[in-house]
Amino acid sequence: VQLQASGGGLVQAGGSLRLSCAASGHTSSIYAMSWFRQAPGEEREFVALIKWSGTITYYADSVKGRFTISRDNAKNTMYLQMNSLLPEDTAVYYCATTRTLGLLENEYDSWGQGTEVTVSS
């Protein structure tokens, strides 16, 4: 599976952005997808997960109530709607696929190239 992330940019604190992750290739093998992020000087961290059937979603505590993960199976695309953005949300955001519902990087098979989000205060 190949993943292409897009939608990042510069936004003021309190603003919103929507990230997209388009999947291609053997998309029938996708069980779940997630967003991770990596802030400058920090390790990559889990943000949100969605089971490809859409029946299960899970969020990191730091984004719960502000971010919403969704997917469009017909378009093979996953989204991350980010509202009430904070400067600490500044990071490169990556999408990835997994055959489990795990939250650890080593449980993920395919990764997108990342899209940069910068939130100014």
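The legends below describe close-up views of a predicted model.

**View 1. The disulfide between Cys 21 and Cys 95 in the predicted model.**
The count of disulfides comes to one, and this bond joins Cys 21 to Cys 95 with an S to S distance of 2.1 Å. Because Cys 21 lies in strand E3 and Cys 95 in strand E9 (residues 91–98), the pair ties together parts that are 74 residues apart in sequence. The torsion about the S-S bond of Cys 21 and Cys 95 is about 70 degrees, so the disulfide is right-handed. Cys 21 and Cys 95 are both buried. In general terms, a disulfide is a covalent bond between the sulfur atoms of two cysteines.

**View 2. The largest nonpolar core and the surroundings of Met 78.**
The largest nonpolar core has 33 residues, and those with the most contacts inside it are Trp 35, Met 78, Leu 80, Met 82 and Tyr 93. Two or more residues of this core come from each of strand E1 (2–6), E3, E4, strand E5 (45–51), E7, E8, E9 and strand E11 (115–120), and E5 gives the most, with five residues. In soluble globular proteins, nonpolar side chains tend to be buried together. Leaving aside neighbours within four places in sequence, Met 78 is in contact with residues including Leu 19, Met 33, Trp 35, Ile 50, Trp 52 and Ile 69. The contacts of Met 78 also include both Cys 21 and Cys 95, the two residues that the disulfide joins.

**View 3. Strand E4 and its pairing with E5 and E9.**
Strand E4 (32–38) is mostly covered, in that six of its seven residues are buried. Six bridges join E4 to E5, and these two strands run antiparallel; Arg 37 has Glu 45 as its bridge partner in E5. E4 and E5 form a hairpin with six residues between them, and Gly 41 in the turn has a positive phi of about 75 degrees. E4 also pairs with E9 in the antiparallel sense, over seven bridges, and here Gln 38 stands opposite Val 92 in E9.

Thr 27 is placed in the loop between strand E3 (17–24) and strand E4 (32–38), whereas Asn 76 is placed in the loop between strand E7 (67–72) and E8. Asn 76, with a relative accessible area of 22%, is partly exposed. Although Asn 76 is not a glycine, this residue has a positive phi of about 50 degrees.

**View 4. Ser 84 in the loop between E8 and E9.**
Ser 84 is placed in the loop between strand E8 (77–82) and E9, and it has a positive phi of about 50 degrees although it is not a glycine. At 41% relative accessibility, Ser 84 counts as partly exposed, because this value lies between the cut-offs of 20% and 50%. Leaving aside neighbours within four places in sequence, Ser 84 is in contact with Gly 14, Gly 15, Ser 16, Arg 66 and Asp 89. The C-alpha atoms of Ser 84 and Gly 54, which are 30 residues apart along the chain, are separated by 24 Å.

Conventions. Residues are numbered from 1 along each chain as its sequence is written. This is a predicted model: local features need pLDDT of at least 70, side-chain atom pairs count only at pLDDT 80 or more; totals for chains, interfaces and linings use all residues. Side-chain values use heavy atoms; hydrogens and water are left out. Helices (H or I, at least four residues) and strands (E, at least two) are DSSP runs, numbered from the N terminus. A disulfide is a pair of cysteine sulfur atoms within 2.5 Å. Buried means under 20% relative accessible area, exposed over 50%, partly exposed in between (1.4 Å probe, protein chains only). Contact means heavy atoms within 4.5 Å. A nonpolar core is a set of buried Ala, Val, Leu, Ile, Met, Phe, Trp, Tyr and Cys residues joined through side-chain atoms within 4.5 Å. Two strands pair if DSSP finds at least two bridges between them.
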